[in-house]
Amino acid sequence: MEQSPRQHRSPDGTRPDLSVVIPAYEEAESLPELAERIRAACMEADLSFRVWIVDDGSRDGTWDVVRDLHDDDPRFGGLRFQRNYGKSAALSVGFERAQGQYVATMDADLQDEPAELPALLEKLEAGDYDLVSGWKKNRKDPISKTVPSRFFNWVTRLISGLPLHDFNCGLKVYRREVVKSVSVYGELHRYIPLLAKWAGYDRVAEKPVEHHPRKYGTTKFGTKRFVKGFLDLITVVFLTRFAV
């Protein structure tokens, strides 16, 4: 695993208000615009920030873009997998390095809107929540993604007891201690609110967020991931409820 230099602290040596963790798989075209939007949103809200972009084995020049972003602005750091390990692995290494008072996650494809970050943080603080999950209420995706996602969310709500509409939304904000307390692997990134609840961080809220159509490239979604995700849900429920 490669990483860019000057990793753990903001440029002035202090802990940032917000660390943003972004898994990226073949998103070279999206990242420059995404970085600019994050920078603008945080500056508008007067938030100090660090961004961790985790290149999940891309072959399209994503890592070159990450290095260029870091050279232009050291607040953007990167880590690189030599092969594609998946979103959970990318989030896990990002969580390890996140040092902000708050931690946000978002997808790299520009479908998540960085301008939503201050409002999500405001809701987290106002309600004294442990995490606030985005809800793509007006989702801009093809039916091949939206129908399986609705079924997935219904089953997860039923099993978890968490009244969230969109467990799989990549846009979430957490208190730092939450991401340091959960173990994310396989397809468990879908269940981070559930993992947090079972770790004792059960103050979970949801906020509708803007969702954009994909601007560059093609979706990396596949039905096999939903199947694996359901298997992981069964596993985590069994281990959590019956472990001694």
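1. Is Asn84 buried, partly exposed or exposed? This is a predicted model, and in it Asn84 comes out as partly exposed, because its relative accessible area is 29%. That value falls between the cut-offs, since buried means under 20% and exposed means over 50%. Keep those two numbers in your head while reading on.

2. Stay with Asn84 for a moment. You'll find Asn84 in the loop between β4 (76-81) and α3. Its side chain makes a polar contact with the side chain of Asp56, at 2.8 Å. Have a look at Asp55 too: the C-alpha atoms of Asn84 and Asp55 are 8.6 Å apart, while 29 residues separate the two along the chain.

3. Next, follow the chain into helix α3, which covers residues 87-97. This helix is mostly covered, with 8 of its 11 residues buried. The buried ones are Lys87, Ser88, Ala90, Leu91, Val93, Gly94, Phe95 and Arg97.

4. Most residues other than glycine have a negative phi. Asp46 isn't a glycine, yet its phi is positive, at about 60°. Asp46 sits in the loop between α1 (31-44) and β3 (49-56), and it counts as exposed because its relative accessible area is 67%.

5. Look for Asp128 in the loop between α4 (117-126) and β6 (131-135). With a relative accessibility of 41%, Asp128 is classed as partly exposed.

6. Which residues gather in a patch of negative charge on the surface? They are Asp64, Asp68, Asp71 and Asp72. Take Asp71 as your example: it belongs to helix α2, residues 62-72. Asp71 counts as exposed because its relative accessibility is 61%, and the cut-off for exposed is over 50%.

7. Finally, there is a surface patch of another kind. Phe151, Trp154 and Leu158 make up a nonpolar patch there, and together they have about 380 Å² of accessible area. Phe151 is placed in helix α5, which runs over residues 143-160. At 48% relative accessibility, Phe151 is partly exposed, because exposed would need over 50%.

Notes:
Residues numbered from 1 in each chain as written. Predicted model: local features only at pLDDT ≥ 70, side-chain atom pairs only at ≥ 80, totals over all residues. Heavy atoms only, no water. Buried < 20%, exposed > 50% of the residue type's maximum accessible area, 1.4 Å probe, protein only. Helix = DSSP H or I, 4+ residues; strand = E, 2+ residues; numbered from the N terminus. Patch = residues over 30% accessible without salt bridge, like charges linked within 9 Å, V, L, I, M, F, W, Y side chains within 5 Å. Areas by Shrake-Rupley, 256 points an atom, 1.4 Å probe, with all protein chains shown as cover. Salt bridge = Lys/Arg side-chain N within 4 Å of Asp/Glu carboxyl O. Lys, Arg positive; Asp, Glu negative; His and termini not counted. Charge placed at Lys NZ, Arg CZ, Asp CG, Glu CD. Polar contact = N/O pair within 3.5 Å; in protein donor to acceptor, adjacent residues only side chain to side chain.
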